[in-house]
Amino acid sequence: MTQENADQALVDAGESRLPGGLAHVYPLGSRLGAGGRLEIGGCDALELAREFGTPAYVYAEDDMRERARATMAAFARRTESFEVLYASKAFPCTAAMRLFAEVGLGCDVASGGELHLALKGGFQPGRIYMHGNNKSERELEEALAAGVGHIVVDSFDEIERLERLAAGAAQRVLLRVTPGIEPDTHTSIRTGQADSKFGIPMAHVPRAIERCADAGLVLRGLHAHIGSQVYALDVYEALAEVLVQIGELPLLNMGGGFGIAYTRDDHPPTADDYAEAMLRGAPEGVTVLCEPGRSLVGNAGVSLYTVGTVKEIPGVRTYVSVDGGMADNIRPMLYGATYEADLAARFGDSTPCRIAGMHCESGDVLVREAALEDPSPGDVLVIPATGAYGHAMASNYNAVRRPPVIFCRGGDARVVVRRETYDDLTLRDR
Ligand SMILES: Cc1ncc(COP(=O)(O)O)c(C=O)c1O
């Protein structure tokens with residue numbers, strides 16, 4: 001499916017069927033079905049909540065597949081030399097990895113654990129890129145033993161470690177550099193500025209290139225990831241300019257950062273726009289790599305909760321409390337992320353309210369300014385666009401059991417990660 005068709009499909013799937021300009025925030029194919037009840041991947045959200053319990057992460061499988069295909073197609077229309085890697089930190093789940101491997105993506109991993117999942121998820125080792133600003137010796141050994149295609153070297157200390165561990169095995173590497181470019185996004189998800197823990201400072205790059213050669217490593221290219229939720233695309237052109245000045249190497253990895261719509265007011269660029277921006281500054285003959293995470297999974301997933309209490313504080317506000325919160329989605333507390341929220345059986349906005357979690361922190365607020373249609377205990381509440389960095393960053397705070405991951409497609413739902421049990425909570429006790 002072309003990008004245009006994928007975009008059209010998104011519009012067809014939602015605009016006419018979900019109210020209030022929400023179509024692009026919910027997964028592809030979402031609609032209001034019988035009685036105005038939300039359907040994700042053809043599955044009734046209330047039925048999903050009843051069958052699998054709440055809180056739960058629910059994904060429309062076709063959404064992920066289509067976005068991966070659309071991203072590949074966006075590059076393929078413009079060049080023969082490219083690679084799209086799935087930044088698996090966004091949603092480290094073997095079922096998703098399998099799906100992306102089948103579509104033809106490579107994989108970006110940033111720890112031994114993510115490497116383990118990527119291998120289990122079916123990625124060929126040669127298509128895996130191993131990141132990290134402080135990979136342990138053990139992680140480097142695991143990457144070498146698995147035969148990962150490229151290790152993305154982040155520091156001089158790491159070059160020394162690899163020299164010793166790879167022992168002349170001609171391991172292929174990229175050099176992560178800090179290009180000194182600041183995209184217009186939240187400071188916590190900016191990574192390209194000079195004052196960063198990631199990458200080699202520009203002034204030291206020539207020396208790092210020499211050190212790689214001395215260490216017997218095969219330097220195949222440069223890497224820079226400047227940040228996430230990047231809407232203003234001129235930074236990618238600026239990035240290509242900076243990287244090209246360093247010297248021409250076969251691979252140019254421009255990182256991820258493709259933005260998504262968290263609320264109805266967000267209108268991110270398309271995959272086509274990102275491909276265009278990344279390729280514009282890249283010289284002929286160079287293979288351009290990108291590694292989106294959020295844009296492949298973010299809008300594919302929603303979180304389902306059950307409303308437990310509705311408390312009206314006269315003259316102040318109404319609190320709607322749900323059975324999850326900061327343990328299953330830390331993003332609002334970590335960097336003020338904003339979300340939409342709806343009742344799965346009653347879309348509408350008659351009641352301004354604040355959606356609070358169940359954790360023992362006043363800051364455990366999922367949506368500060370929401371509007372629901374007459375919320376009551378027992379209602380199933382849905383927060384869309386939680387597919388990226390929700391499951392990935394989940395914790396057991398308050399000894400809650402981490403939620404299951406449910407994949408929906410064509411009206412069928414399957415559990416791809418089960419809910420934790422109380423026994424899971426004591427599994428590591430000695
Ligand atoms: C090196 C690297 N690549 C890719 C990504 C993916 O970013 P996003 O999910 O915003 O596309 C990240 C995110 O932290 C990253 O650090």
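Modeller: A nonpolar core is a set of buried Ala, Val, Leu, Ile, Met, Phe, Trp, Tyr and Cys residues joined through C-beta atoms within 7 Å. A residue is buried if 20 or more other C-beta atoms lie within 10 Å of its own, exposed if 12 or fewer, and partly exposed in between, with C-beta atoms placed from the backbone. Before we apply this, note that the model is predicted: local features need pLDDT of at least 70, side-chain atom pairs count only at pLDDT 80 or more, and totals for chains, interfaces and linings use all residues. Residues are numbered from 1 along each chain as its sequence is written.

Colleague: How many residues has the largest nonpolar core, and which have the most contacts inside it?

Modeller: The largest nonpolar core has 126 residues. Leu175 and Ile406 have the most contacts inside it. Domain 1 and domain 2 both give residues to this core, so it lies between them.

Colleague: Which residues does Leu175 touch?

Modeller: Contact means that the C-beta atoms of two residues, placed from the backbone, lie within 7 Å. Leaving out residues up to four places away in sequence, Leu175 touches Val153, Ile200, Val205, Ala208, Ile209, Cys212, Leu219, Leu222 and His223.

Colleague: In what sense do β4 and β20 pair, parallel or antiparallel?

Modeller: Two strands pair if DSSP finds at least two bridges between them. Strand β4 (residues 56-60) and β20 pair in the parallel sense over 4 bridges. Find Ala60: its bridge partner in β20 is Cys408. On to β14 (residues 301-313), which pairs with β4 in the antiparallel sense, also over 4 bridges. There, Tyr59 stands opposite Gly301.

Colleague: Why is β4 said to be largely enclosed by the rest of the structure?

Modeller: Count its buried residues. In β4, 5 of the 5 residues are buried, so the strand is largely enclosed by the rest of the structure. Both faces are covered: Ala56, Val58 and Ala60 are on one side, with Tyr57 and Tyr59 on the other. β20 is mostly covered, with 4 of its 5 residues buried.

Colleague: How many bridges join β20 to β21?

Modeller: There are 5 bridges, and the strands run antiparallel. Phe407 has Arg414 in β21 as its bridge partner. The hairpin of β20 and β21 has 2 residues between the strands, and Gly410 takes a positive phi near 55 degrees there.

Colleague: Which residues have a positive phi although they are not glycines?

Modeller: Look at two cases. Gln229 has a positive phi of about 55 degrees. This residue lies in the loop between β11 (218-223) and α9 (234-246). Asp374 has a positive phi of about 50 degrees. Its place is in the loop between β18 (365-372) and β19 (380-384).

Colleague: Is Gln229 buried or exposed?

Modeller: Gln229 is buried, with 22 other C-beta atoms within 10 Å. Asp374 has 11 C-beta neighbours inside 10 Å and counts as exposed.

Colleague: Where is the cis peptide bond that involves Pro55?

Modeller: The bond runs from Thr54 to Pro55, with omega near -5 degrees. Pro55 sits in the loop between α2 (45-52) and β4.

Colleague: Which residues come nearest to the ligand?

Modeller: A residue is near a molecule if its C-beta atom, placed from the backbone, lies within 6 Å of it. Of the 17 residues around the ligand, Ala87, Ser228, Gly256, Gly293 and Arg294 come nearest. By class, the shell has 5 nonpolar, 8 polar and 4 charged residues.

Conventions:
Domain bounds come from an automatic or database domain assignment. Ala, Val, Leu, Ile, Met, Phe, Trp, Tyr, Cys and Pro count as nonpolar, Asp, Glu, Lys and Arg as charged, and the others, Gly among them, as polar.
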